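This report describes one protein structure, beginning with a single helix and widening to the fold as a whole. Please keep the sequence and the coordinates in view while reading.

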Amino acid sequence: MTEIVSREIQLASRPNGMPTAANFNLVENKLPPLPDDRILVRNLYMSVDPYMRGRMNDVKSYVPPFQLGKPLEGSAVGEVVESRAEGFKSGDIVTSSLGWREYFIAEPQALHPVNREIQPLSIYLGLLGATGLTAWAGLNLVDVQAGDVIFISGAAGAVGNVAGQLAKLRGCHVIGSAGTAEKIDFLKNECGFDCVFNYKDAPVLEQLQQAAPDGIDVYFDNVGGESLEAALAVLRNYGRIIACGGISGYNADKPTPGPSNLFNITTKRLTMKGLIVSDSIHLIDDFQREVGGYFQAGKLQNKETVVTGIDRAVDAFLGLFEGQNIGKMVVKLD
């Protein structure tokens, strides 16, 4: 192996509130010679996701925080350049959690081989990756069934649009919220949502009541805040909440007040379940078989916003909090 210089994004400082470019460094790193039982991988695509904001804080959580002066981590799709480990060969396509860098050396257990015949390969970061798995696992978590009326906030995001499409395939009536006319058009005309409203046009509660005058059965929460409070008001008795994300509060510099109507969980006998995708990682082969089949049959749309170059990865990440993506935000590495 000739000497390889890999660029990577490191966390330079911990953000206070909304991150800025100053919190990150683009650094060159020389890779050592490839040891036995290891694989050299060149990343082709990497993911940026809202949950990464929480890992930039030095607090205990369900995943360890990012370390200062170390490369960040995230889902990536790469190609094996050289292998000294059994079961992997040059040209294999693999997924890993070692994004935010151009090249890396890994042990076999850090890599998951995928079918390179399914294109684009970036689909393994979105529809057939962690975000798609999140949507699929979320619907299974509260047993979403035909006839359910489901409301999805942040519906044009990577998780939301897949959750809505899968819910439609199950026979649900699907309502979504998004922040631009372009996103609303995508959800209605490409994803098949039954009703979509712009949460910026009027209070979410008012618009959700208009969209679901008889109430909803399921709320898939990607946003928290006002949307969660509205859903608690509109859910029918014995309704279910999938607590997936709360992007509205990720960059708050102090705790934000919770919904004022949480007691509805008691009076309506609601079920609210938290969702962490790593709990379902052991089901990824079943998920990719089922959802990959839908995609290959033309029953699912794969929507991506692609940014090119590792030097633009930070901009892509920050763009998530400004609503710049439709579908999955992906960074294509040069």
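In this predicted model, helix α2 runs over residues 130–141, and its 12 residues reach 16 Å from the first C-alpha to the last, close to the 16 Å expected at 1.5 Å a residue. Nine of the 12 residues of α2 are buried, so the helix is largely enclosed by the rest of the structure; the buried residues are Thr131, Gly132, Leu133, Thr134, Ala135, Trp136, Ala137, Gly138 and Leu139. Their cover includes the strands β8, β11, β12 and β15 together with the helices α3 and α8. Just after α2, Asp143 adopts a positive phi of about 55 degrees.

A polar atom of the Glu102 side chain lies 2.8 Å from the backbone nitrogen of Arg7, and, leaving aside neighbours within four places in sequence, the contacts of Glu102 include Val5, Ser6, Val41, Arg42, Asn43, Ile310 and Leu333.

At the level of the whole protein, the secondary structure comes to nine helices and 15 strands. The radius of gyration is 20 Å, close to the 20 Å that the globule rule gives for 334 residues, so the protein is as compact as a globular protein of that length. Further overall values are tabulated below.

| Property of the protein | Value |
|---|---|
| Span of the C-alpha trace along the principal axes | about 65 × 45 × 35 Å |
| Buried share of the 334 residues | 51% |
| Accessible surface | about 15000 Å² |
| Share of that surface belonging to carbon and sulfur atoms | 48% |

How values were computed: Residues are numbered from 1 along each chain as its sequence is written. This is a predicted model: local features need pLDDT of at least 70, side-chain atom pairs count only at pLDDT 80 or more; totals for chains, interfaces and linings use all residues. Side-chain values use heavy atoms; hydrogens and water are left out. Helices (H or I, at least four residues) and strands (E, at least two) are DSSP runs, numbered from the N terminus. The expected span of a helix is 1.5 Å times one less than its number of residues. Buried means under 20% relative accessible area, exposed over 50%, partly exposed in between (1.4 Å probe, protein chains only). Contact means heavy atoms within 4.5 Å. A polar contact is a pair of N or O atoms within 3.5 Å; within protein, one must be able to donate a hydrogen and the other to accept it, and residues adjacent in sequence count only if both atoms are side-chain atoms. The radius of gyration is taken over C-alpha atoms; the globule rule is 2.2 Å times the number of residues to the power 0.38. Accessible areas come from the Shrake-Rupley method with a 1.4 Å probe; for residues, only the protein chains shown count as cover.
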